[in-house]
Amino acid sequence: MQRLLDLYSLSSGSRAENAQLLQAAGSNREYYRITATDGSTVIGVIGTSREENHAFLYLSKHFASKRLPVPKILAVSKDEMCYLQEDLGSLSLFDALKGGRQANGRYNQKEKDLLLKTIRALPEIQMHGAQGLDWSNCYPQKEFDSSSVLFDLNYFKYCFLKPSSLDFHELKLEADFRLFALDLTQENPECFMYRDFQARNVMLDEKGNPFFIDYQGGRKGPYYYDVASFLWQASANYSHKLRRELVYEYYNTLKNYIEVPSHRHFVNRLSLFVLFRTLQVLGAYGYRGYFERKQHFLDSIPPAIKNLKEMLELDVYPYPYMIDMLKRLTLLPKFNAYFEDISLDGKAQNQEGEKSFSSFDNKGELVVSVYSFSYKKGIPEDTSGNGGGYVFDCRSTHNPGRYERYKNFTGLDDEVIRFLEDDGEILTFLDNIYKLADHHVRRYIQRGFTHLMFSFGCTGGQHRSVYAAQHLAEHISKNFGVEVHVVHRERDITQVFKAKEKK
């Protein structure tokens, strides 16, 4: 750190007041926030690879010359092992989207707008940033080619597939890997491929405008890769509908820069890169998690497996042996257990480098009933004979029923859902209820109880209580697989989520 302080003093002509080490999720570089006596700050970086540092410094200066939203480089040591850059603040896109992730992928309009701003800005750095770029400065290689694809596929094989203990035929898999690499490298336009384009690498200014960081691994390559990297990030849990909207927005924005292929061709090519990117990140999660024992990466494995399962269900990939092997991989009990036995804080606990999951002692078949109701008509009766359960009062949250335009809608309609989620109070309200409900459902299953009841009341039993009851029912069904009955009493609507089959 002393080298950074010396560099700061030399470049600014004054001493630093203090330097704070910042947390880095997956990087080997060290980041410090250096504060001057006048309160201004800069970010100091100490790298472990001169070549990697050089790539970042070159790309930053090149992008800045194109007026792209990247941090300014303020000072660099002679050996390029440490440097100072503009402080873009502490709010990343990943942090700003926390509410949507915690709401099981139900992003409000403000969060969606941030995603739209970011995906619209991506073609600018990919296409405008590529103009006049000297690719020889890229690290560790200047171009996305079949050798780099095979490197990443073998990284997946050795760091994730082999540790999984799944039996597979190496020569058959290698043959499909080569076909896959050939298909991925058929198109290579004059484009800057960011390579690690994800929400953690996007910083937001006070107006919510995106700024890009950590592009030192970028190179010449296909633009599909970054779209796959961003929209299929394992922990993001974007809905299919939201992904479609963002892909469509990117596709239309890309038209401002190049002559784009047909939409069908674009989607078909993108699907290849989604599969490739998923295998690549599983390789990284395996190495960083199983071998380096970093919990953040272990926690990301089950959501990535979930993404992989969804992709394989499309049945569009012409690599029969590889696809069969991947399907068998996703069926391994240690991955499926994550979704059957999610822990109280939403994360499975790690033991000896792999996920270990406690099993429920399920002595009975639990049925959960969730009601919405109007307080004017009284609290629902418990017909099971158990005397009732939890009753939650939604009337403290903002009421869409006060506004004329929502009077004919219910908490099941998009208009009301958007109102409640944009307001945000109902999400905080439910976040606390989810934790309580998860613990209670888990204990009921362990103790062999057969019925549990939750009720949500509001003024008219139409908007807030309906939204809350529906979302809790979906949450319990998804995370525990038990039978759930949701009854919107005042709307005369009943829905049953059947119990998932036990394997």
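No disulfides are found in this structure, a disulfide being a pair of cysteine sulfur atoms within 2.5 Å. The model is a predicted one, in which local features need pLDDT of at least 70 and side-chain atom pairs count only at pLDDT 80 or more, while totals for chains, interfaces and linings use all residues. Residues are numbered from 1 along each chain as its sequence is written, and side-chain values use heavy atoms, with hydrogens and water left out.

Charged pairs come next. Side chains of opposite charge can pair when their charged atoms come close. The structure contains 20 salt bridges, each defined as a side-chain nitrogen of Lys or Arg within 4 Å of a carboxyl oxygen of Asp or Glu. One of them joins Arg 33 to Asp 87, with 2.7 Å between the closest N and O atoms. This pair connects distant parts of the chain, 54 residues apart: Arg 33 belongs to strand β2 (residues 30–36), and Asp 87 lies in the loop between β5 (82–86) and α3 (93–96). Helices (H or I, at least four residues) and strands (E, at least two) are DSSP runs, numbered from the N terminus. Both partners are buried, Arg 33 with a relative accessible area of 15% and Asp 87 with 19%.

A second salt bridge brings together Glu 474 and Arg 106, at 2.4 Å from N to O. Here too, distant parts of the chain are linked, since Glu 474 sits in helix α16 (residues 464–480) and Arg 106 in the loop between α4 (98–102) and α5 (109–128), 368 residues apart. Glu 474 is partly exposed at 27%, as is Arg 106 at 28%. Asp 393 and Arg 395 also form a salt bridge, with an N to O distance of 3.0 Å; Asp 393 is partly exposed at 33%, and Arg 395 is partly exposed at 41%. Elsewhere, salt bridges tie Lys 157, Lys 162, Glu 170, Glu 174 and Arg 178 into a network.

Strands β12 (residues 367–374) and β15 (residues 483–488) run parallel and share six bridges, where two strands pair if DSSP finds at least two bridges between them. β15 also pairs with strand β16 (residues 493–497), in the antiparallel sense and over five bridges. His 485 of β15 takes part in both pairings: this residue is the bridge partner of Ser 369 and stands opposite Val 496 in β16. The hairpin of β15 and β16 has four residues between the strands, and Asp 492 there adopts a positive phi near 60°.

Finally, the second largest pocket holds about 500 Å³ of space. It is lined by 18 residues, of which Trp 232, Arg 244, Val 267, Ser 271 and Leu 314 are the closest to its centre. A pocket is an open set of points on a 1 Å grid over the protein atoms alone, where a 1.4 Å probe fits, with protein on both sides within 12 Å along at least five of seven lines; lining residues have an atom within 4 Å of a point. Grid points are joined across faces, edges and corners, and the volume is the space filled by probe spheres set on the points. Helix α10 (263–291) is among the elements that each supply at least two lining residues, and α10 gives the largest share, six residues.

Conventions
Buried < 20%, exposed > 50% of the residue type's maximum accessible area, 1.4 Å probe, protein only.
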